[in-house]
Amino acid sequence: MRSVLRIGNASGFYGDRFSAVREMLTGGPLDVLTGDYLAELTMLILARDRLRDPALGYAKTFLRQLEECLGLALERGVRIVVNAGGLNPARLAAAVRELAERQGLAPAVAHVEGDDLLPRRAELGLPEGLLAANAYLGAFGIAECLRAGADVVVTGRVTDAALVAGPAIAHFGWGEADSDALAGAVVAGHVLECGAQATGGNYAFFREHDVTRPGFPLAELHADGSSVITKHPGTGGAVTIGTVTAQLLYETGGPRYLGPDVTARLDTVRLTREGPDRVRIDGVRGEAPPPDLKVGLNRLGGHRNEVVFVLTGLDIEAKADLVRRQFEEALAPEHRPAELRWTLARTDHPDAADEEAASALLRLTARDRDPAKVGRELGRAAVELGLAGYPGFHLTAPPGPGSPYGVFTAAYVDAGLVEHTAVLPDGRRVAVPPPKPQGRAGQRLSGPETPEPGLPEPGLPEPGLPEPPEPAGPTRRAPLGLVAGARSGDKGGDANLGVWARDEAGWRWLAHTLTADRLRELLPETAELPVTRHLLPNLRAVNFTITGLLGEGVAAQHRFDPQAKALGEWLRSRHLDIPEALL
């Protein structure tokens with residue numbers, strides 16, 4: 001057994017760089033190549049594919065990538081583990097075998113199934129009207145497939161980190177009781193899962209590196225669960241403590257990162273620079289996993305439409321007010337959608353040198369379960385204002401017929417009720433039982449009404465809060481982003497926002513300054529929403545969950561940035577009083 005297992009990533013989402021599979025296979029030595037193709041929105045897209053054709057429901061791009069690279073992977077002895085199976089891993093596994101046969105190749109192909117709970121909806125007490133219901137499986141099914149000699153393993157909905165943890169379990173022989181090693185692999189998997197986001201992509205301090213074409217990341221895993229995050233020599237981007245910190249904060253919450261195999265303690269992660277483009281991760285502690293599995297539920301939420309009015313020059317607010325009054329008058333009550341939402345984006349500049357820079361956008365969003373309520377009548381009410389509205393009336397595009405939108409929610413089921421199954425290359429089916437309680441006490445997945453572990457009791461100090469900073473001295477009004485990085489994203493209808501400081505003095509100031517209340521002041525859109533703050537002193541970071549900011553999730557397009565991808569950059573642009581010593 002080799003002491004180091006090299007696992008690369010070639011996809012962070014369905015639509016990522018097509019050539020990444022070839023780049024990772026040819027760029028340097030690897031033992032395993034993984035690909036993450038699934039996200040909450042992707043599952044809805046695949047569900048609609050499956051409605052049109054029951055043989056679909058998987059990420060078709062992966063097959064095209066494999067058509068180019070399967071022979072290369074076999075020649076180099078690189079095993080492939082992907083979740084591209086989506087809603088139909090068995091069919092994708094069969095398609096891989098068919099492709100291989102056409103090319104005169106004979107890989108051992110296996111797949112993991114059991115995550116699809118839609119056929120058992122009533123038995124499990126899940127709601128009606130679902131398009132997809134998928135449990136987030138763990139890594140032990142992948143490990144079973146690899147132990148049986150699989151060259152290619154296709155899964156459906158597993159946790160993103162399982163794509164890395166599974167090969168590590170198979171290689172090092174870990175079991176359920178090896179909670180610290182498992183937790184280390186989960187953390188490495190979380191860093192790798194979003195591809196180039198670990199190598200300088202979407203990085204707050206991107207100007208410090210050449211990120212024109214970042215390489216994809218890889219992890220060198222060790223038997224104790226520690227790892228080194230790096231990339232192939234000569235590829236673009238950078239691997240630094242900052243890029244790894246940013247990815248560790250992405251779409252996580254508090255110090256306990258709950259998963260089906262282990263609970264990884266993010267407050268124990270240690271990051272150390274080992275050299276250029278090499279960051280060591282160690283010290284990770286693991287606890288027992290919760291007894292429940294998360295289940296992603298996708299359903300049709302209704303139909304939506306959007307009309308965008310362009311307001312140019314002077315009197316922008318008055319023009320917006322006129323449009324709203326005229327539109328409300330023109331739309332008959334029987335045609336009024338269940339939801340009408342107006343948003344004015346002040347993209348205009350005074351005394352602008354070109355017309356676009358002088359213009360603001362007034363966006364009308366309509367939603368209703370009845371497609372007719374967001375269709376022709378809505379567009380007619382807008383278009384009829386063309387010669388009777390504000391001066392300079394025009395739209396960004398003619399109103400369309402409207403379109404369906406999806407809704408993502410999460411449920412939790414007892415792990416023992418989910419039939420996690422590894423289907424081996426020879427066709428044998430191996431049941432994968434849920435982990436038994438092991439190691440340090442884990443924490444049960446809780447509903448939104450229950451505070452997550454690590455939150456302070458009322459009146460007690462916040463866990464991880466450092467000593468107050470020294471007296472600030474002179475301060476200057478400046479953007480937060482001059483002294484802090486941020487990365488943000490979505491989890492269903494909630495937004496995650498991680499902010500980190502770059503040195504100890506900055507951390508002490510950040511932890512005492514950027515409270516939940518201050519965040520609400522800086523981001524007024526969050527003022528009426530529940531905001532939960534967690535401190536991760538080992539990462540010099542604060543991590544926020546903003547409950548309900550994204551409404552019913554990305555597919556519902558509740559706000560301008562429906563996945564909260566730029567929420568962190570908005571926060572970094574906000575001004576506050578910063579000690580000059582930090583600047």
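Analyst: Happy to! Helix α3 has a kink of about 55°, centred on Cys69; the bend at a residue is the angle between axes fitted to the seven residues ending there and the seven starting there. Do keep in mind that this is a predicted model, where local features need pLDDT of at least 70, side-chain atom pairs count only at pLDDT 80 or more, and totals for chains, interfaces and linings use all residues. Residues are numbered from 1 along each chain as its sequence is written, and side-chain values use heavy atoms, with hydrogens and water left out.

User: How many residues does α3 have?

Analyst: Helix α3 has 17 residues, 60–76, and reaches 24 Å from its first C-alpha to its last. Helices here are DSSP runs of H or I with at least four residues, strands are E runs of at least two, and both are numbered from the N terminus.

User: Which residues of α3 are buried?

Analyst: Buried means under 20% relative accessible area, exposed over 50%, and partly exposed in between, with a 1.4 Å probe and protein chains only. Among the buried ones in α3 are Phe62, Leu66, Cys69 and Ala73. The buried residues of α3 pack against α1 (20–26), β3 (79–82), α4 (89–102) and β6 (152–155).

User: And what comes just after α3?

Analyst: Gly77, which takes a positive phi of about 70°.

User: Switching to sheets: in what order do the strands of the open one run?

Analyst: The order is β22-β23-β25-β24, 4 strands with antiparallel pairing. Strands β22 (484–491) and β24 (531–536) stand at the edges with a single partner each, so one side of each has no neighbour in the sheet. Two strands pair if DSSP finds at least two bridges between them; β24 and β25 (541–546) have 6.

User: What stands opposite Val531?

Analyst: That's Ile546 in β25.

User: Now Ala352: buried, exposed or partly exposed?

Analyst: Ala352 counts as partly exposed because its relative accessibility is 27%. The residue is in the loop between β15 (339–345) and β16 (359–368). Gly313 is 39 residues from Ala352 in sequence and 8.5 Å away in space, C-alpha to C-alpha.

User: Last one: what is the mean pLDDT of the chain?

Analyst: The mean is 93, and 96% of the residues reach 70 or more. Over residues 439–455, though, the pLDDT is below 50. pLDDT is the predictor's confidence in each residue, from 0 to 100. Where pLDDT is low, the predicted coordinates should not be read in detail.

How values were computed. The expected span of a helix is 1.5 Å times one less than its number of residues. Contact means heavy atoms within 4.5 Å.
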